[in-house]
Amino acid sequence: MSIQKSKNRKEICYPFIYESALTCDYEIHTDELCSLIGMVLAQMPEGFEDVVADLETLHPKIYNLNGSVRGKNGIFEEDLDWLHARYDYYNEESRGRVTRFVLPRGPVAVMALHQCRTGAKKTVRLLHRLDESGVTFEATLPRFANLLANFFFVLTVYIKMKLDVEEIDYISINY
């Protein structure tokens, strides 16, 4: 069967959905990441106004990341500077609580942030694959996506620390 693009706009969920290029996969993936941030915001417990404010600032930046491959660049050095500063804030507040590999566990908001963390890693991988395929984009995109994954991790550590939730070490038998 060969899928034919419907002429009825209501039957097309995304204008580029039938493209074979990775660009569409990247856009759908970053759309999912943006939705996951919305899920985190819906699950944040009381007392985390700093996290909520930062996630609300970050939320539209994910759609800027989304459109920066097909359209004009929307991730700039000032976005990286802001994210570096927020990473440093939460890392310092957590007092270097995690210096080892830990299992991704915790309350729903923390688990949703772990989904965001892995989603940011997938974003990096898709950017890498796009670059390999010849698609050009600004160097700020993979830098931002890499930092984003690490930012989401320090948020999980910070939230669990404030909620007095224990980190569970993962001891690798592989390395």
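Analyst: His29 counts as buried because its relative accessible area is 9%, where buried means under 20%, exposed means over 50% and partly exposed is the range in between, all with a 1.4 Å probe and protein chains only. The model is a predicted one, in which local features need a pLDDT of at least 70 and side-chain atom pairs count only at pLDDT 80 or more, while totals for chains, interfaces and linings use all residues. Residues are numbered from 1 along each chain as its sequence is written, and side-chain values use heavy atoms, with hydrogens and water left out.

His29 is located in helix H1, helices being DSSP runs of H or I with at least four residues, strands being runs of E with at least two, and both being numbered from the N terminus. Once neighbours within four places in sequence are set aside, His29 is in contact with Gly119, Lys122, Thr123 and Leu126, a contact being heavy atoms within 4.5 Å.

Of the 175 residues in the chain, 38% are buried, and among contacts between residues at least 6 apart in sequence, 78% join residues at least 24 apart.

As a general point, nonpolar side chains in soluble globular proteins tend to be buried together. Here the largest nonpolar core has 41 residues, and those with the most contacts inside it are Val51, Leu58, Phe144, Leu148 and Phe152; such a core is a set of buried Ala, Val, Leu, Ile, Met, Phe, Trp, Tyr and Cys residues joined through side-chain atoms within 4.5 Å. Helices H1 (22–43), H2 (49–67), H3 (77–93), H4 (108–132) and H5 (140–162) each give two or more residues to this core, with H5 giving the most, 13 residues. Val51 touches Met44, Tyr90, Leu155, Tyr158 and Ile159, again without counting residues up to four places away.

Turning to the rings, those of Phe, Tyr and Trp (its six-membered ring) pair if their centres lie within 6.5 Å, with planes under 30 degrees apart called stacked, over 60 edge-to-face and the rest tilted. By this rule there are seven aromatic pairs. One of them joins Tyr89 and Tyr158, whose centres are 6.3 Å apart and whose planes meet at 55°, so the pair is tilted. This pair links distant parts of the chain, since Tyr89 is in helix H3 and Tyr158 in helix H5, 69 residues apart. Tyr89 is partly exposed, because its relative accessible area is 27%, whereas Tyr158, at 3%, is buried.

A further pair joins Tyr90 and Phe151, with centres 6.0 Å apart and planes at 65°, so the arrangement is edge-to-face. Distant parts of the chain are linked here as well, Tyr90 lying in helix H3 and Phe151 in helix H5, 61 residues apart. Tyr90 is buried, with a relative accessible area of 0%, and Phe151 counts as buried at 0% too.
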